[in-house]
Amino acid sequence: MKVLAIVGGAGRMGQALARGLSALGDFNVAALVDTREPPALFGAHFFSRIEDLDASSIDVVIDFSSPDGVASSAAWCATHGVALVVGTTGLGDEHRAALEMASKRVGVVAAANFALGAVLCERFAAMAAPYFERAEIIELHHDAKIDAPSGTSIATAQAIARARRAKGLEALIDPTTSHTFEGARGADVVDGVKVHSVRLPGLVAHQEVHFGSRGEGLTIRHDSYDRESFLPGVAIAVAHVDAKRPGLVLGIDSLL
Ligand code: NAD
């Protein structure tokens, strides 16, 4: 049975994972690490700093905290030979570099979305991409999400761009020439693939990929109605990752 520490253990995802992973029976959630006290412990111990963990008793650190939290988790896991699974989004170049560094010493899996339907949404979008003239993404999340656009929508836009390039297709050019209000056409994430971000209370995590060609359209939609949706993907990543097998797996598509 793998013994786990969850960084960001007091947060919405940390609490959902602590409850869900413990209930699966294959994992022992031994530690919740957070800068604030968790509302519930689910049998784990609380630590306010990752440095206070006993590395010899932890197999995998799961990080759903903040980009700075990811940098600390990556450094600690590399130093102590502990595997790492990262779900935190909004990572910058320096945080990605920290993950690359850690992955030279231990196994690391990082994914912007652990929901299996979201992984398939990206896969199907890449399949459809070369066959349509235009593609735009609308991502919708709860209003406490601090980063935009979502990591999932960035990864989906990149997958669409890769699939188009592989068929020799050019970057998309926005046909709109007049903007009455700045931002109306969303963010140009890669090769002209636009992403529009919606933030509303009541939502969890949702994404629509819209494709259009003359006379037809295709919409691929995924909904996470509850944070439980991320549990199977995190469990797959935790089961796969191994401190003794260094390397960085980005996204869980290859693990399904
Ligand atoms: P949240 O704000 O509810 O929880 C984050 C927790 O991390 C908080 O309790 C906070 O105190 C703690 N924290 C922040 N910095 C820390 C640090 N340096 N050390 C220790 N603890 C720290 O947020 P959330 O909704 O649980 O989401 C957390 C992250 O997970 C976000 O980046 C979110 O986008 C991402 N997320 C990813 C997926 C996925 O499938 N990959 C799914 C949902 C959310």
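Modeller: In this predicted model, Asp147 and Lys145 form a salt bridge, with 3.1 Å between the closest N and O atoms. Are the two partners buried or exposed? Asp147 counts as buried because its relative accessibility is 16%, under the 20% limit used here. Lys145, at 17% relative accessibility, counts as buried by that limit as well.

The salt bridge between Asp174 and Lys194 has an N to O distance of 3.3 Å. Asp174 lies in the loop between helix H5 (151-166) and strand E8 (187-190), while Lys194 is in strand E9 (residues 193-199), so this pair ties together parts that are 20 residues apart in sequence. Asp174 is partly exposed, its relative accessible area being 22%, whereas Lys194 counts as buried at 9% relative accessibility. Both residues also belong to a network of salt bridges that links Glu136, Asp174, Arg185 and Lys194.

Glu133 counts as partly exposed, with 37% relative accessibility. Arg214 is exposed, because its relative accessible area of 71% is over the 50% limit. In total, the count comes to 13 salt bridges.

In soluble globular proteins, nonpolar side chains tend to be buried together. The largest nonpolar core in this model has 60 residues, and those touching the most other members are Leu17, Leu21, Val61, Ile62, Val85, Leu99 and Phe114. Strand E2 supplies the largest share of this core, six residues. Apart from it lies another core, of 18 residues, among them Ile137, Ala163, Val193 and Phe211.

Helix H1 deserves attention here. H1 (residues 12-24) has 13 residues and reaches 19 Å from its first C-alpha to its last, close to the 18 Å expected at 1.5 Å a residue. Its buried residues are Met13, Gly14, Gln15, Ala16, Leu17, Ala18, Gly20 and Leu21, and they pack against strand E1 (2-7), strand E2 (27-33), strand E4 (60-63) and helix H6 (231-240). Leaving aside neighbours within four places in sequence, Leu21 is in contact with Leu4, Phe27, Val29, Ile62, Leu231, Val234 and Ala235. After H1 comes Gly25, which has a positive phi, near 90 degrees.

Leu116, Leu120, Phe124, Met127 and Leu256 make a nonpolar surface patch of about 430 Å².

How values were computed:
Residues are numbered from 1 along each chain as its sequence is written. This is a predicted model: local features need pLDDT of at least 70, side-chain atom pairs count only at pLDDT 80 or more; totals for chains, interfaces and linings use all residues. Side-chain values use heavy atoms; hydrogens and water are left out. A salt bridge is a side-chain nitrogen of Lys or Arg within 4 Å of a carboxyl oxygen of Asp or Glu. Buried means under 20% relative accessible area, exposed over 50%, partly exposed in between (1.4 Å probe, protein chains only). Helices (H or I, at least four residues) and strands (E, at least two) are DSSP runs, numbered from the N terminus. The expected span of a helix is 1.5 Å times one less than its number of residues. Contact means heavy atoms within 4.5 Å. Patches are made of residues with over 30% relative accessible area and no salt bridge: like charges are joined within 9 Å, nonpolar side chains (Val, Leu, Ile, Met, Phe, Trp, Tyr) within 5 Å. Accessible areas come from the Shrake-Rupley method with a 1.4 Å probe; for residues, only the protein chains shown count as cover. A nonpolar core is a set of buried Ala, Val, Leu, Ile, Met, Phe, Trp, Tyr and Cys residues joined through side-chain atoms within 4.5 Å.
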